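Please read the following briefing alongside the sequence and the coordinates.

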Amino acid sequence: MRRIRFAEISIFVVNRIFNWRFFISDLTRKSKIAKKIINKLLFEKDDVVIIPNTITINQKVESEPTEFLPTDVMKEVIKQCDDIVIMDTCLCRTSNKCEDYPQDIGCIFLGPTSKKIPRTIGHTATVEEALAHIDKADAAGLSHLIGRNKIDSVWMNARPDEGLLTICHCCPCCCLWKVVPHLEEEISSKVTKLDGVNVKFHEEKCKKCLKCAKENVCMFDALTVKDRVVSINYDNCLGCGLCTHVCKFDALTIEYSDKSINNVINRMYNLIEE
């Protein structure tokens, strides 16, 4: 009889408690004790950066001497890694039984700890395969995040967590990180916008179709509607770009510059090396 692995038990548990994630996150705001325990177990030393979907880019601010797309942040980190594992499915979308986005586009894990991920849930990949996976996720309309995420080392029982970097491909309906607005500020501040990325709302172009609001595309509660007028809370916006993907009138656009991208690449790679 095949031995059941820890990760398989974790997947079973996550599939059944996935819809409790907002309740658990709300506890970090309601109880200092709960915040301390949840932070210690799931978010300690996290450092996560949101990367917008390249295909949703409406305008690019050019810079010298090199031009980058936001997804190049992830690709440059991948190119520097020897240890790469791609999950066979997305745990969030399978747990939520997603019908709008592909369930087979899973996370990419980088770093020496990825060797400890059971091959029953993921497979070893080459740099070329991982780069193609990023493009596939982009084409599917997913935004991304990259960084250290303790939750992943916990549910896969992969240690040390310092040697594991996650690249996640997020949809607006299922992503775990929709919990960010529910988390206590000290924890939620560990998830940040890519420097140089800005989403803008152009009211004069808005046709008030409210598709951006009706479809609940914003993962971070940055979009609101009052009297059929859309507005953006720029303090909440983390620049995922998903709202620009559904707007057909260029009323929502995303702009970026690459002035700080090299710093982010070095910061992410250093997280694996710590």
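Helices (H or I, at least four residues) and strands (E, at least two) are DSSP runs, numbered from the N terminus; in these terms, Ser25 lies in helix H2, residues 21–30. This is a predicted model, in which local features need pLDDT of at least 70 and side-chain atom pairs count only at pLDDT 80 or more, while totals for chains, interfaces and linings use all residues. Residues are numbered from 1 along each chain as its sequence is written, and side-chain values use heavy atoms, with hydrogens and water left out.

- Helix H3 spans residues 32–43, and its buried residues (buried means under 20% relative accessible area, exposed over 50%, partly exposed in between, with a 1.4 Å probe and protein chains only) are Ala34, Lys35, Ile38, Asn39 and Phe43.
- Seen down the axis of H3, these buried residues fall within an arc of 125° (the arc being that of the directions from the helix axis to the C-beta atoms), so they line one face of the helix.
- The face of H3 turned away from that buried side carries the exposed residues Ile33, Lys36 and Leu41.
- The cover over the buried residues of H3 includes H2, helix H7 (150–155) and H8.
- Just after H3, Lys45 takes a positive phi of about 65°.

**The aromatic pair**

- A search of the whole structure finds one aromatic pair, where rings of Phe, Tyr and Trp (its six-membered ring) pair if their centres lie within 6.5 Å, and planes under 30 degrees apart count as stacked, over 60 as edge-to-face and the rest as tilted.
- The rings of Phe43 and Trp177 have their centres 6.1 Å apart and their planes at 65°, so the pair is edge-to-face.
- Because Phe43 lies in helix H3 and Trp177 in the loop between S6 and H8, the pair ties together parts that are 134 residues apart in sequence.
- Phe43 is buried, with a relative accessible area of 6%, and Trp177 also counts as buried, at 4% relative accessibility.

- Ser25 counts as buried at 5% relative accessibility, and, not counting residues up to four places away in sequence, Ser25 touches Val179, His182 and Leu183, contact meaning heavy atoms within 4.5 Å.
- Cys173 lies in the loop between strand S6 (165–170) and helix H8 (185–188), and is partly exposed, with a relative accessible area of 28%.
- With residues up to four places away in sequence again left out, Cys173 touches Arg21, Asn96, Cys98, Tyr101 and Lys178.
- The C-alpha atoms of Cys173 and Asn216 are separated by 7.7 Å, although these residues are 43 residues apart along the chain.
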